[in-house]
Amino acid sequence: MSFFDIIWNWIDSRAHISDIPLKAMPEYTMDISYWTGGLLAAAFIFQAITGVLLMLYYTPGASTAYSSTQYIINKVPFGIILLNAHLYMAYVMILLIFIHFFRNYYIGAYKKPRELAWIIGILMALVVVGSGFTGYFLPYTEVSVDATDVGVGLASKFPLIGNFLASLITGNGTISSEFGRMLDLHILILPAILMLLFGIHMYLYEKNEATPPVSMKTEQKGSTLSWVPTFLSYTAGITLILWGFVIVIASVFPVPLAPEAGSSVIVQAMPEWYLVAPYKVIDFVPISSNIIYILLVIVIFYMLVPFFDRSESRDPKDRPFFVSIVTVNLDYFILFTIWGYLQPAVQVQPVVWIPIMLGIIAFNFGLTYGLYYKYRKVTPTGSERNSFTHSNTKNKKQHFSDASDCNDKKEGVDK
Amino acid sequence: MSKKENEIDLSRRKFLKMVSIGSAVVALGAFAPSLSYIVAPTIGVSEFPALTLVDSSGNPIKASTIAVNNPQIVLFDYPLLNEPNFLLNLGKSVPGGVGPQNSIVAYSAICEHLGCLPPSIKFYPPGSPPIDGYTSYIHCSCHGSTFDPFNRCSIITSPTTKPQPMVVLTYDSSTDTLQAVKMNGPVIYGHTDDLTGGSPPKGNTAPVTTLNNQ
Ligand code: HEM
Ligand code: FES
């Protein structure tokens with residue numbers, strides 16, 4: 001027994017580390033598309049570390065927030081990298097949320113039995129956007145104050161709890177009260193909620209396991225690889241690559257600090273890039289601040305989508321309707337983002353935006369259904385893939401047999 | 001017949017369950033009202049104060065010296081300290097205007113649309129690029145709302161659905177000084193009423209400041 005073994009045994013016999021149920025994972029999960037959520041977790045850890053370091057120097061308050069931010073950039077060793085890495089990782093996190101969301105949507109990962117993981121996921125997405133929103137305020141620049149005021153204004157239009165939400169942020173209306181609340185939300189409340197949700201999300205993932213590739217009919221696992229060392233080194237690898245990538249980008253392309261709130265330098269008010277699309281929709285006459293209702297409907301739709309899309313096939317080729325819907329949304333997002341940057345705060349009349357929106361719907365549904373009708377007969381499993389219609393009794397039967405397959409598998413796997 | 005020692009008394013178990021659930025509900029119920037403390041107690045004033053407009057050293061501003069169509073952003077807080085207003089001298093008599101030429105007006109500087117602040121919302125003096133035919137206006141670059149300062153800050157372009165609130169000023173021609181006495185028009189943006197949701201003014205003056213480059 002080596003010295004290392006002795007120490008390890010001492011620790012393990014007390015901390016029971018080797019009893020932690022890190023199950024062997026199927027071989028097909030050795031693929032980056034199975035790790036978009038893992039990357040999100042890695043990004044979150046990075047934000048926690050850089051955030052704590054930033055907190056050592058940041059001082060909230062109307063007269064100090066901006067100057068302490070300048071101090072971090074100009075005086076603190078590597079401060080400019082620290083601040084920019086925190087900023088870029090926030091962007092990466094939002095981007096990864098999109099990727100994780102679309103990936104799980106297209107492969108139908110929200111279907112039984114993963115509905116809860118999906119709903120918790122949507123809640124996490126909201127918390128992450130909230131973190132970005134509250135973080136944007138902290139340096140107290142002109143644009144960030146405007147963005148915050150607009151955000152608070154929209155929040156106050158929220159049905160029923162609008163004023164409560166707004167006062168959650170503004171406190172008693174003084175700027176010091178607002179700083180207190182924004183900082184609390186950003187560094188304490190939202191991260192705590194996110195960690196709680198993440199714990200549940202991971203528990204559900206551990207229990208329901210990864211969604212197999214769409215080409216696999218039943219929930220079969222095939223051959224597996226063990227966590228230690230295979231997946232351990234894999235996760236460590238992608239984590240370090242992500243962190244390294246962000247640190248390099250932050251060092252090479254630091255973002256200049258916008259003018260301080262209350263200066264007279266005129267800059268175009270603009271939210272962060274992931275909110276530019278809804279920002280543009282505010283220009284659509286007569287939507288304006290009613291955008292809050294549209295966003296609410298979108299969020300509720302995606303939360304409930306596991307209960308709308310009840311076909312048992314996960315394959316996007318079998319789900320033209322739901323694939324079209326999310327693609328329309330993606331197209332809107334990209335189009336309105338570009339449009340928002342090109343023509344910020346330029347009003348758009350209904351004769352312009354309604355045809356554009358309808359055109360995108362027609363194009364996406366046309367294309368998706370066109371491909372669907374052209375290719376559905378030649379798919380590998382042939383005529384069995386018709387699970388799109390809800391009323392098909394044959395589907396119901398398959399559903400039960402799938403469920404029992406699932407149970408069989410569980411028994412077989414438990415060791 | 002006596003019960004066996006290890007037989008489970010189901011009714012007793014049920015009773016204990018009900019008691020625990022009941023007390024949990026009561027505890028949660030007691031917790032619920034405490035949520036209301038998240039909403040901070042309101043602060044403010046009980047009636048409109050009369051504040052004399054003063055410069056940074058506390059001397060009353062002379063109305064006849066206020067620059068006409070000044071492109072700089074000139075502000076004072078009224079009635080509360082988080083309620084900034086533009087102070088404008090438009091150079092000619094306008095509705096609601098005071099001063100020697102009835103040309104001095106003050107409007108809230110918080111955009112009624114969704115709350116952007118100066119310099120995003122700002123006064124553009126005559127000769128600015130036309131918007132709907134107007135060459136002088138108050139315009140907010142956040143979403144493009146435009147207001148007419150020559151006519152009680154009424155709406156020139158959407159998306160705003162409300163005009164900017166107007167500060168009622170009084171002019172004392174013997175001393176050439178100005179006082180803010182109340183607000184007219186819609187409620188100041190972001191406030192449930194003009195007098196709550198911010199710190200009360202200090203003393204009975206409102207210092208006028210000019211935004212400068214950093
Ligand atoms: C901070 C936000 C989030 C974190 C840290 C996170 C983390 C994770 C992780 C580590 C996994 C394991 C599998 C993988 O790596 O892909 C996972 C799976 C999953 N996540 Fe998330 N997630 C987040 C947000 C979301 C969102 C926004 C959604 C969608 C609305 C979502 C839905 C799901 C679903 C359905 C699975 C199961 C996927 C499968 O079975 O392959 N999550 N998440
Ligand atoms: S906040 Fe001024 S136009 Fe929207």
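Modeller: In this predicted model, P79(B) is placed in the loop of chain B that runs between β2 (74-77) and β3 (84-89). The peptide bond joining Y78(B) and P79(B) is cis, with omega about -10°. A cis bond is also found from P118(B) to P119(B), where omega is near 5°. P119(B) belongs to the loop between β4 (104-108) and β5 (121-124) of chain B.

A further loop of chain B, between β9 (166-172) and β10 (177-184), holds D176(B). This residue is not a glycine, yet its phi is positive, at about 60°. D176(B) has 15 other C-beta atoms within 10 Å; because that count lies between the limits for exposed (12 or fewer) and buried (20 or more), D176(B) is partly exposed. L160(A) sits in the loop between α6 and α7 of chain A. It has 7 C-beta neighbours inside 10 Å and therefore counts as exposed.

Elsewhere in chain B, V19(B) lies in helix α1 (residues 10-31). V19(B) is exposed, since 10 other C-beta atoms lie within 10 Å of its own. Between V19(B) and P71(B), which are 52 residues apart along the chain, the C-alpha separation is 71 Å.

Chain A itself has 14 helices and two strands. Of its 415 residues, 29% are buried. Among its contacts between residues at least 6 apart in sequence, 79% join residues at least 24 apart. The chain is divided into domain 1 (26-217 + 225-257) and domain 2 (277-415). Contact between these domains takes 18 residues from domain 1 and 16 residues from domain 2. On the domain 1 side, α4, α5 and α6 of chain A each give two or more residues. The largest share of that side, four residues, comes from α5(A). Its residues divide into eleven nonpolar, three polar and four charged.

Helix α5(A) has a part at the ligand as well. Ligand 1 is surrounded by 27 residues, the closest being G37(A), L40(A), G121(A), A125(A) and T211(A). Two or more residues of this shell are given by each of α2 (36-55), α4 (79-106), α5 (115-137) and α8 of chain A. The largest share of the shell, seven residues, comes from α5(A). By class, the shell has 18 nonpolar, eight polar and one charged residues.

Finally, helix α11 of chain A (residues 291-308) has a kink of about 40° at Y302(A). The kink lies shortly before the proline P306(A).

Methods
Residues are numbered from 1 along each chain as its sequence is written. Chains are lettered from A and ligands numbered from 1 in the order in which they are written. This is a predicted model: local features need pLDDT of at least 70, side-chain atom pairs count only at pLDDT 80 or more; totals for chains, interfaces and linings use all residues. A residue is near a molecule or strand if its C-beta atom, placed from the backbone, lies within 6 Å of it. Ala, Val, Leu, Ile, Met, Phe, Trp, Tyr, Cys and Pro count as nonpolar, Asp, Glu, Lys and Arg as charged, and the others, Gly among them, as polar. The expected span of a helix is 1.5 Å times one less than its number of residues. The bend at a residue is the angle between axes fitted to the seven residues ending there and the seven starting there. Domain bounds come from an automatic or database domain assignment. Two residues are in contact if their C-beta atoms, placed from the backbone, lie within 7 Å.
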